[in-house]
Amino acid sequence: MVRARFVKPILVLLFTTLFLLSVVNTSINVNSKEPIANLVIKTSGGGVRPNYCLYIAQYLREVGIEVEIKTEEWVVFLGQILFTHNYDLAVVGWSLNLFSPDMRGVYTETSPENICGITNDIPYINQSEEMLQEGITILELTERQQLYFDWQKLIMDRILPILPLYTTMNYWALWSNTKGYDSRWGLYDNLPYMSWEDYHFGQKSLDELNLDEGYWLSLNPLNAPDAASYRFISLIMDKLIIWSPDNQPLRSGPIYDWEKFDDFHYKFFLRENMFWNPSYNVSLRNENSPELSSIPSPELMFGLKNDEFSDGTNQNIKAKDAVFSILALANEEVSDFSYYFNWISDLYVDEEDEYAFHLIIDGNPETPEKEVYVDFWYDLSLISLIPEFFLNSTDITITQTSGGVECSGFYPGILSTPQWKAFDHTPFGSGMYQLDYYFKNVLTVMTRSPYWFGVGRLNNQENMVPFVETLNLRVIPDSTSSITEFRAGKLDLVWLTGFTSERRQMEIDDRMTVYSTLSSGYTFMIFNLARPFIGGTNNYEWLTSEGKEVYTKGVAIRKAISYSIDREEMNDVLHNGEYIICHSPIVPGLTYYYYNDVIKYNKDLKKAEEWLIAAGYDIEVDGTTFELFTTIIGISSILVIQGYIQRRKKITKS
């Protein structure tokens, strides 16, 4: 059982007058019996997530669980949560879409982002997967909403693979001389509509935009693993279809119209005035290189299939490029995301119109009859157009997409060809900008493409041109430095999420304009269901306590851990109480489907104790000593404050 903590401070003061210069040293000594478990919690270095881990370790010590904290470089950490699953707990920052509640990509056994170690033999997982599969086939909105409400209740009560932590309001600032910006859309969508009104403080040129964009890992949309890479890709390549902030497909992209035959068969039409940007190889360029337009044709990159190149005017984009782009993304031979496109049952170019193609949909390829797939419109908006002439081959090997569509041209080893290797770091597309040069992880420079088809995404306006010639996309390691650079006028936009003081100062500075929106970002703590204690064999051992027979020992332990963590205190201390505490796997920004009435794991040590006892552990807090030693050094004296906090904790295994 948990008894109240007894606190007895003893203060010894030696002081004098005059100014005090303080140096603080804090040490905590814990004397207790063996913990009931030793766990490892991992996260990526930088930002506030390591601080979350420090707090979580402190909270779990209160219930007899010792936690070792390990921080990793982002790429290493990503590999561990996606592939090796070498962790017990992990704190992850994820960006979820605000368009669809489909969570099959994370919470099913076969999903490529199964970061929780989910397997179908764990109780209630099959029921969860059946609900998720049904959710993508329901057309009636209120019925679909209720199903996802029920799923959120199930997963947070009977499975509990994660403890949701926070989402935020996103805040960012632009200089007030920026005109024509619509904050509902992304910055890059706005570029053809924006303009400068005179110079802002520190600005050197009206024909360039200076941004802090993070560093990219890959510029091939078939395997780009992070959000920063996708933002770069969105400048170089056009999305097949444009998706509006109102969650509707628009006719302002490469696809300008469509025809519906039934719920499973659609015909799409591409614009006829689109061309591939020149196939420049920029890997050896730098700031002293001549203009891109001066590169002669023999120095352009040649395609894999017929030794063709693009000079910006000779390669017209047609339906074969759209079909190739979709098939490639759905084919695991070349794509890391093929799983998400198993709803594509068939795909082909129209027999009479080389700018039209047909798409056949099946929401569940495992069943003999076709099923509706509600979210295919949004999925199409994720697909970037890639050049068929450059990446396709003449190889006759037949491979299949995740939905069973047969296609040739993709073969084992194709990713090792010079063309596919180059497309990872020096790609070209049909977008508003083209790569000029880069210093990896330092600076990427893009220049405006004169070959872009010129239709604005916001309203289908024609003859549009991005308002600046050059984009300077810098890598600034920490947000504080970004804010400093913005204040100096060296950046034109800065993110302010998590920086309350700086944001409030800018809100009253009429030289700057602060914007906000509910974030798609989402931070949560993962339980690795495959690990002992929090999962493993405990996933299959049912509780015998009265009223808890429908839960397993693993769930009971995960509940106890969740009830031990004080998310409100972390929010108050680390975020001035401004972050939004989450209670469900669906991000609150997806307001129609987010269910706030699920079980809430607010800190409650009595409930933590109750679930640990149900799992077979008996906890009695009566035996831990904490010693806090603080030294403050003055100019001519010493002030010593020594406080003893007596707390006893006894942990026994029943």
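This is a predicted model: local features need pLDDT of at least 70, side-chain atom pairs count only at pLDDT 80 or more; totals for chains, interfaces and linings use all residues.
Local features need pLDDT of at least 70 and side-chain atom pairs count only at pLDDT 80 or more, while totals for chains, interfaces and linings use all residues. Residues are numbered from 1 along each chain as its sequence is written, and side-chain values use heavy atoms, with hydrogens and water left out.

Let's start with the whole chain. The protein chain carries 15 helices and 26 strands, taken as DSSP runs (H or I, at least four residues, for helices; E, at least two, for strands) and numbered from the N terminus. Of its 654 residues, 54% are buried, meaning under 20% relative accessible area with a 1.4 Å probe, protein chains only. Take the contacts (heavy atoms within 4.5 Å) with a separation of 6 or more: 70% of them join residues 24 or more positions apart.

Now for the sheet. Three strands form an open sheet in the order β21-β6-β22, with antiparallel pairing; two strands pair if DSSP finds at least two bridges between them. β21 (493–495) and β22 (512–518) are at the edges with a single partner strand each, so one side of each has no neighbour in the sheet. On average, neighbouring strands here are turned by 20° against each other, direction ignored.

β6 (residues 169–175) pairs with β22 over seven bridges, in the antiparallel sense, and M169 sits opposite L518 in β22. Two helices join in. Helix α11 (residues 479–487) lies across β6, β21 and β22, at about 150° to β21; angles run from 0 to 180 degrees between N-to-C directions, with axes fitted to C-alpha atoms, for helices over the stretch in contact. Helix α12 (residues 500–507) also packs on the sheet, touching β6, β21 and β22, and its direction makes about 130° with that of β22.

Terms used:
Buried means under 20% relative accessible area, exposed over 50%, partly exposed in between (1.4 Å probe, protein chains only).
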